[in-house]
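Dear colleague,

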Amino acid sequence: MDKIPPAAVADLKALLGERVLTEAGALAAYGRDATPLFRHAPDVVVQPLTTEEVAGVMRIATRHRVPVTTRGAGTNLCAATVPLSGGIVLSTTRMTALLEVSRDEMLAVCQPGVTAGALNLAASTVGLIYVPDPGSKEASTVGGNVATCAGGLRGLKYGVTRQYVLGLEAVLPDGEVIRTGGRLVKDVAGYDLTRLLVGSEGTLAVITEITMALVPTPAAARYGVAYFETMTDAAEAVRDIVATGPAPATLEFMDAVCVAAVEDFAHLGLRLDAGALLLFGDDGEPDAVDRSLSRMAEVCAKNATQIELAESVAAAEDLLAARRCNLPALARSGSMTILEDVTVPRPKLAEMVAFIAATAQKHGVRIGTFGHAGDGNLHPTAVVDADDPAETEAAMAAFDEIFRHAVDLGGTITGEHGVGAAKLPYLEHRLGPEQMALLRRIKAAFDPLGLLNPGKLGS
């Protein structure tokens, strides 16, 4: 234990008893998240159940000057929850109380350890849905969704997590408990601290309760798929779909590498001669959905080589499964998968996909690209041999060029995964030195001792 004095461990055990973990196996498990290449074991893991216990942990950490990394399910892909400085990992996975689901106010109140899937299931019992739709929704926690401002397949039409967080309860590093926002759709009293905490990756406060807006369950949903010879053709269809009508609920793409991998993995009958696949869909009232799907199919028909509309729920589920299984499909061809994300303006989508393919070829790395075409968010995914350092180095060199090129095109280094430790070296290239200095001043105002998630945003 190089970052925590024995007295601090004794204080934590007096507060939480057996919910303080110090065994080597447990510490190792909490020393990584879903991001490869980043590992560092904490000195101790704590599992509070209440806001009061979280506040107690933070008071102990402040008194003994021990760093604290807050962690949910650890599904994030930017090393945001790897405790780079050791110290305490504060796990919220036992804070699973779903305190309220209100049909009348269309909101839910929950602790941060509730999973996105569980919240959505509870909302569905009263005819509502939890909109954020990350790929890890069955495992990822609502607290983690908030901390990283998670996105997902519904982002184009419905927005991302920040659009749905009405209020937060959070614990500051000294143990003070604050409440931001509330149950109101409109509230402009003071600085918007709720939005500031959303996406702050545990660097400013520990979120202990979330008030989240819900929306009515759509009456119908339909999907289709279009195949194109090139990604440029697919990108033109994306541009025209967005320009000619209301934003669809789903507008996703896969490049040829991903199409081949998914078909080999799931045997869904995808065309292997396509240069790109576009999955499109919408939800809402049945008549409106039918019109929307017909419009999108008509737009795609200008350049597509084939269009298929799902005529049943089962067929629609197959199309969605094709998009969602990109990661496991690609992962079969190597022992380590590095899944990244960048976002560019929609008109630059095809150019960015082409750059990724050329960069992969230049470095001799297998990279498949899929993502959210409607909002320009791409997920280039490298598959390498974990036991071959040269392959890993080649992949990281390729991603270095990819991140920088996305910014040069007017885009960003991350659209939904977050910055964490993985993207921190590129953050100044994205924001510039003036904004970086401002981030550090904000961090110092919340966390003057630098105890919360050191080595991440604002460090």
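**Salt bridges, a helix pair and a surface patch**

Glu-401 is partly exposed, with a relative accessible area of 23%. Please bear in mind that this is a predicted model.

Glu-401 forms a salt bridge with Lys-362, and their closest N and O atoms are 2.9 Å apart. Because Glu-401 lies in helix α14 and Lys-362 in helix α13, the pair ties together parts that are 39 residues apart in sequence. Lys-362 is exposed, at 57% relative accessible area.

How do the axes of these two helices, α13 and α14, cross? They come within 9 Å and cross at roughly 155°, which makes α13 roughly antiparallel to α14. The crossing is right-handed.

In general, side chains of opposite charge can pair when their charged atoms come close. The count here comes to 22 salt bridges. One of them joins Arg-183 to Glu-105, with the closest N and O atoms 2.5 Å apart. Arg-183 sits in the loop between β9 and α7, and Glu-105 in the loop between β5 and β6, so this pair ties together parts 78 residues apart in sequence. Glu-100, Glu-105 and Arg-183 are linked in a network of salt bridges.

Another salt bridge pairs Arg-324 with Asp-133, at 3.0 Å between the closest N and O atoms. Arg-324 belongs to helix α11 and Asp-133 to the loop between β7 and α5, so parts 191 residues apart in sequence are tied together. Arg-324 is partly exposed at 34% relative accessibility, whereas Asp-133 is buried at 3%.

Finally, Tyr-191, Leu-193 and Leu-196 make a nonpolar surface patch of about 330 Å². Leu-196 is located in helix α7.

Yours sincerely

How values were computed: Residues numbered from 1 in each chain as written. Predicted model: local features only at pLDDT ≥ 70, side-chain atom pairs only at ≥ 80, totals over all residues. Heavy atoms only, no water. Patch = residues over 30% accessible without salt bridge, like charges linked within 9 Å, V, L, I, M, F, W, Y side chains within 5 Å. Areas by Shrake-Rupley, 256 points an atom, 1.4 Å probe, with all protein chains shown as cover. Salt bridge = Lys/Arg side-chain N within 4 Å of Asp/Glu carboxyl O. Helix = DSSP H or I, 4+ residues; strand = E, 2+ residues; numbered from the N terminus. Axes fitted to C-alpha atoms, helices over the stretch in contact; angles between N-to-C directions. Parallel < 35°, antiparallel > 145°, perpendicular 65-115°, else oblique. Left-handed = near helix turned anticlockwise from the far one by under 90°. Buried < 20%, exposed > 50% of the residue type's maximum accessible area, 1.4 Å probe, protein only.
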